[in-house]
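Student: I am new to this structure and would like a close look at a single part of it. Could you take the sheet and go through it slowly, explaining the terms as they come up?

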Amino acid sequence: MGFLTIREFSVAVGTLAGQKADLLVVGVSKDEPRLPAGMASLFTGDANPVRSALASGDFKGDTGETLVVYGASPDHGRVLLLGTGPARDFGLDRVRSVAASAARRARDLGVGRVLFPLPLPGAQAWTRDEQLTAAAEGAILGTWQFPEFKTVDREKFRTVGHLVFCLPEESDAGMAGSALHRGRVRGEGTCFARELAAMPANHLTPAELARVAEQVAREEGLRCSVLDADECEALGMGAFLAVARGSAEPPKFIVLEYDCGRKDAPKIGLVGKALTFDAGGISLKPALGMHDMKYDMAGGAAVLGAMRCLRSLAVPVSVVAAIPATENLPGGRAVKPGDVVRAINGKTIEVLNTDAEGRLVLADALAWMVRNHNPEALIDVATLTGAVVIALGHYGAAVLSNNDGLANRIEAAARASGERTWRLPIWDEFSDHLKGETADLKNIADANAGGGTIAGGAFLREFVDETPWVHLDIAGTAWWEKDRPHLPKGPSGYGVRLLLDLIEGYGSDTRP
Ligand code: BES
Ligand code: MN
Ligand code: ZN
């Protein structure tokens with residue numbers, strides 16, 4: 001991956017005294033905006049600047065509040081007061097968020113060595129190792145940048161030299177090392193997905209995405225195969241290929257397999273929509289904002305990002321991923337409204353709107369997955385409908401499912417990862433709205449059906465048979481122009497950590 005903002009991480013177990021650094025983070029709770037007990041001895045004298053800052057009452061300890069203080073401790077060039085908020089409702093996402101705020105401040109200062117003591121005041125509901133994983137994730141997520149195409153002002157992209165998480169004496173250094181590793185892998189996997197989503201479509205074509213997947217496979221010990229248009233044709237993927245027809249860029253059907261090495265392990269299937277650009281096809285999108293459609297491959301990026309983490313995390317579950325990659329353009333050979341295409345499972349589809357292309361590529365990928373791998377659970381991730389923003393805003397992804405057990409597992413993974421989900425129903429009326437006249441199905445519902453996100457789910461349900469399946473509509477969560485501490489504006493990498501928590505859930509218990 002291109003650019004990491006924190007160059008080195010480590011864990012130090014023992015007292016803080018005697019540890020020199022360019023910056024020391026001091027967490028301050030809103031309930032008690034005072035020096036944490038273990039740190040009192042570092043800042044001596046009533047006139048000490050850290051004591052004065054806290055005594056003034058100016059620093060409230062609000063979540064993510066920061067204040068840089070100079071000259072407070074001979075061993076530390078700077079002290080960063082970091083508000084951790086009230087102890088009430090202190091979730092792990094707050095740990096991610098405040099760690100991100102601190103790491104960003106450190107990054108913008110361009111400092112070398114940073115000490116970050118854990119546990120945070122008020123976060124006692126979580127073990128130190130849980131906090132460490134979340135803090136590492138948050139620090140990486142919060143400081144991510146995308147300088148790839150900048151040739152001017154490059155000095156504005158700053159970095160942190162070394163982030164040291166400091167744990168109290170009695171902590172187990174080995175366990176802490178694993179917790180740090182886990183946070184790093186998850187954070188970097190998410191940034192990897194962000195970087196792909198940020199890449200412009202002329203740089204990230206389907207063929208280039210396939211090369212990236214092959215490289216990930218080499219590095220992480222995964223099997224990778226890439227089917228070209230002829231191979232997809234031979235398999236009967238008429239829906240996927242219909243979308244690709246309007247573009248000169250050859251489509252790629254990318255398959256990745258992670259074998260955990262246990263014959264009796266559960267097998268999970270992932271599918272990620274990867275429209276490296278979606279112009280809408282003949283049903284062309286309006287010009288305003290069309291450039292955003294470079295991130296219409298964010299589902300594929302999330303799946304690839306999660307696959308990239310599995311070996312490093314030694315996940316005891318086998319996983320197959322399919323990433324159908326193509327552009328959707330209005331070329332001379334493009335699929336036209338009214339055309340009928342046949343998906344790999346034999347179902348015929350009348351393409352009434354060529355901009356509803358995500359469900360076409362997913363139809364073949366889902367049915368291919370069911371036929372070839374028969375996974376215990378099948379999850380697709382896709383920027384499928386603008387309507388999901390109407391339903392949920394940018395604060396969570398929609399879950400559509402044919403299986404309550406799997407939907408509940410997703411909900412648990414959402415709580416653990418902080419990547420929010422909300423389930424919508426798939427009422428049968430929506431399937432009625434999708435019944436075709438000329439063909440078996442139409443790719444858009446009747447105009448008066450409403451519920452665009454549900455209609456998308458109802459369409460996909462036709463391609464999974466009885467396999468427990470969840471569709472995640474991430475059109476609202478994949479990218480946002482609002483800056484949040486561990487979610488800088490731009491691509492979020494949404495889904496990587498959610499998928500990892502879901503998959504790990506299968507590893508840590510018996511089958512559903
Ligand atoms: N890629 C879009 C959905 C999208 C919208 C993603 C906004 C990210 C942000 C998808 O292919 C699409 O065009 N969906 C149509 C469906 C409609 C034609 C039924 C939409 O949402 O308008
Ligand atoms: Mn579209
Ligand atoms: Zn699309």
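Tutor: Ser73 stands opposite His76 in β4, and around this point six bridges join β3 to strand β4, residues 76-85, the two running antiparallel. This is a predicted model, in which local features need pLDDT of at least 70 and side-chain atom pairs count only at pLDDT 80 or more, whereas totals for chains, interfaces and linings use all residues. Residues are numbered from 1 along each chain as its sequence is written, chains are lettered from A and ligands numbered from 1 in the order written, and side-chain values use heavy atoms, without hydrogens and water. Strands are DSSP runs of E with at least two residues, helices are runs of H or I with at least four, both numbered from the N terminus, and two strands pair if DSSP finds at least two bridges between them.

The pair β3 and β4 belongs to an open sheet of six strands with mixed pairing, ordered β1-β6-β5-β2-β4-β3. Its edge strands, each pairing on one side only, are β1 (6-13) and β3 (66-73). Neighbouring strands of this sheet are turned against each other by 25 degrees on average, direction ignored.

Helix α2, residues 92-109, touches β1, β2 (21-29), β3, β4, β5 (113-117) and β6 (160-167), and its direction makes about 150 degrees with that of β4. Helix α4, residues 173-198, touches β1 and β6, and its direction makes about 155 degrees with that of β1. Such angles run from 0 to 180 degrees between N-to-C directions, with axes fitted to C-alpha atoms, for helices over the stretch in contact.

Methods: Contact = heavy atoms within 4.5 Å.
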